Every structure is written in C-alpha cells, then in structure tokens.
Amino acid sequence: VLTFQGQPVAAVFCAASAEITESAADVWGRDIPYLTNVESPGGSDCSKYDVETAVPRAEFEAAVRQALPAADLSGSPSQWFQNVQRTPARGVKTITLGGAETTGTALRSLFSLPSANFTVAVRGDQVVFHTTGYGHGVGMSQYGARYYALAGRTYADILCHYYPGTKLETRTDPV
C-alpha cells in the first residue's frame with residue numbers, strides 16, 4: 001500500500017503531464033503534500049500531447065456567454081484574453097476573458113481541451129487553443145511512468161517519484 005504519514009494515498013494520475021506535473025492545490029484548490037510538482041519527461045510520446053483545437057468564433061462566443069455571462073466579447077477578439085496567470089507547471093491557473101476572470105480548468109472543460117496548459121490565439125473566424133499535455137496533470141503521468149520504466153526505474157522508484165514523501169508498506173490490517 002502506498003501511504004503518506006501512515007494513511008493510504010489518493011493515487012491520482014493523468015495520461016501525459018507537460019514536463020512537470022501539476023499540484024493538487026493549483027488544479028483543485030486543495031493542498032495535498034504528495035500531489036505536487038515533479039519532473040515528468042516522456043509525455044510527448046502521447047499522440048494527444050501537442051494539440052490545436054480550433055473553435056468557430058460564433059460557437060466560442062455562445063459558449064462563453066452561457067458559462068461566463070459577465071464576459072464582454074465586444075471589440076477585437078485579440079483583446080479578449082488578458083492577465084494569464086500560470087502555475088509552476090505552466091498550466092493556466094486564471095485568465096481574464098472579456099474582463100471576467102475564469103480558470104484554465106473551466107475553459108478546458110467548456111471547450112473539451114486535452115489540458116489546461118494552453119495558449120490561445122484568434123485566427124480569422126476561429127479561436128485556436130494550443131495545448132500541451134493530456135489530462136489534469138496531477139499525480140503520476142502514465143507516459144512519464146512509461147518513460148522511467150523504459151529507463152530501468154522500478155515501480156517503487158516511480159511511485160515515490162510521482163508521490164513525494166510517500167512510502168510503500170506491506171499491511172495485513174484492512175485499510
């Protein structure tokens with residue numbers, strides 16, 4: 001059993017983090033000491049690691065108006081996106097969209113983006129998101145674990161890397 005301070009961990013994982021995993025605090029707003037930023041190479045082997053998602057402008061505007069009614073989408077689309085705040089892993093923590101603040105995870109959900117690690121541009125009649133990574137980015141990256149395994153690291157090494165401060169224990173008591 002993988003434990004932290006004697007208690008079983010929530011061993012969350014994602015498909016492919018973007019070079020560094022996200023912390024639970026940055027993605028879900030809850031600090032969990034073993035769900036923090038760690039290096040995570042190998043994600044680029046995932047076919048959904050580096051993706052562009054183009055959203056027609058009319059569809060984008062309709063979705064934003066419904067999800068974020070305070071957003072003012074008048075004026076030039078190039079001015080809609082301001083004040084991007086990034087996490088240490090480079091995911092979008094907050095962004096001001098048409099004067100209304102929202103989160104990268106909210107936009108990821110709204111537009112079915114592969115991750116909240118994105119840049120955004122307006123090209124003609126499309127809003128284009130360029131994402132890096134696949135999934136929420138917290139915990140063990142499956143592609144990162146694969147990378148480390150192919151490099152000869154053991155499962156115990158990999159688990160302790162992705163969940164720092166944890167310990168593998170053999171237990172006979174029910175957990």
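Guide: Start with alanine 10, in the loop between strand E2 (7-8) and strand E3 (13-14). Strands are DSSP runs of E, at least two residues, and helices are runs of H or I, at least four, numbered from the N terminus. This is a predicted model: local features need pLDDT of at least 70, side-chain atom pairs count only at pLDDT 80 or more, and totals for chains, interfaces and linings use all residues. Residues are numbered from 1 along each chain as its sequence is written, and side-chain values use heavy atoms, with hydrogens and water left out.

Visitor: Why does alanine 10 count as partly exposed?

Guide: Buried means under 20% relative accessible area, exposed over 50%, and partly exposed in between (1.4 Å probe, protein chains only). Alanine 10 has 38%, so it counts as partly exposed.

Visitor: Which residues is alanine 10 in contact with, leaving aside its neighbours within four places in sequence?

Guide: Tyr34 and Leu35. Contact means heavy atoms within 4.5 Å. Alanine 24 is 14 residues from alanine 10 along the chain, and their C-alpha atoms are separated by 11 Å.

Visitor: How do you know how many disulfides there are?

Guide: A disulfide is a pair of cysteine sulfur atoms within 2.5 Å. By this rule the count comes to zero. Cysteine 46 is in no disulfide: the nearest cysteine sulfur, that of cysteine 14, is 9.5 Å away. For cysteine 160, the closest cysteine sulfur is also in cysteine 14, at 18 Å, so it is too far for a bond.

Visitor: Are cysteine 46 and cysteine 160 buried or partly exposed?

Guide: Cysteine 46 has 7% relative accessibility, so it counts as buried. Cysteine 160 has 34%, so it counts as partly exposed.

Visitor: What makes the buried residues of H2 line one face of the helix?

Guide: The buried residues of helix H2 (residues 57-67) are Phe60, Glu61, Ala63 and Val64. Seen down the axis of H2, they fall within an arc of 165°, so they line one face. The arc is that of the directions from the helix axis to the C-beta atoms. On the face turned away from the buried side, H2 carries the exposed residues Ala58 and Gln66.

Visitor: What do the buried residues of H2 pack against?

Guide: Their partners are strands E6 (50-56), E7 (81-86), E8 (92-97) and E11 (126-132), and helix H3 (104-110).

Visitor: What puts the buried residues of H4 on the same side?

Guide: In helix H4 (residues 142-150), Gly144, Ala145 and Tyr148 are buried. They cover an arc of only 100° around the axis, so they sit on the same side of H4. Their cover includes strand E5 (39-40), strand E12 (140-141) and helix H5 (155-162). Just after H4, glycine 152 takes a positive phi of about 100°.

Visitor: Why are the buried residues of H5 said to line one face?

Guide: Those residues are Ile158, Leu159, His161 and Tyr162. They fall within an arc of 160° seen down the axis of H5, so they line one face. They pack against strand E1 (2-4), E5, E12, H4 and strand E13 (167-168).

Visitor: How many helices and strands are there in the protein chain?

Guide: Five helices and 13 strands. Of the 175 residues, 45% count as buried. Along its principal axes the C-alpha trace spans about 65 × 30 × 25 Å. Among contacts between residues at least 6 apart in sequence, 60% join residues at least 24 apart.
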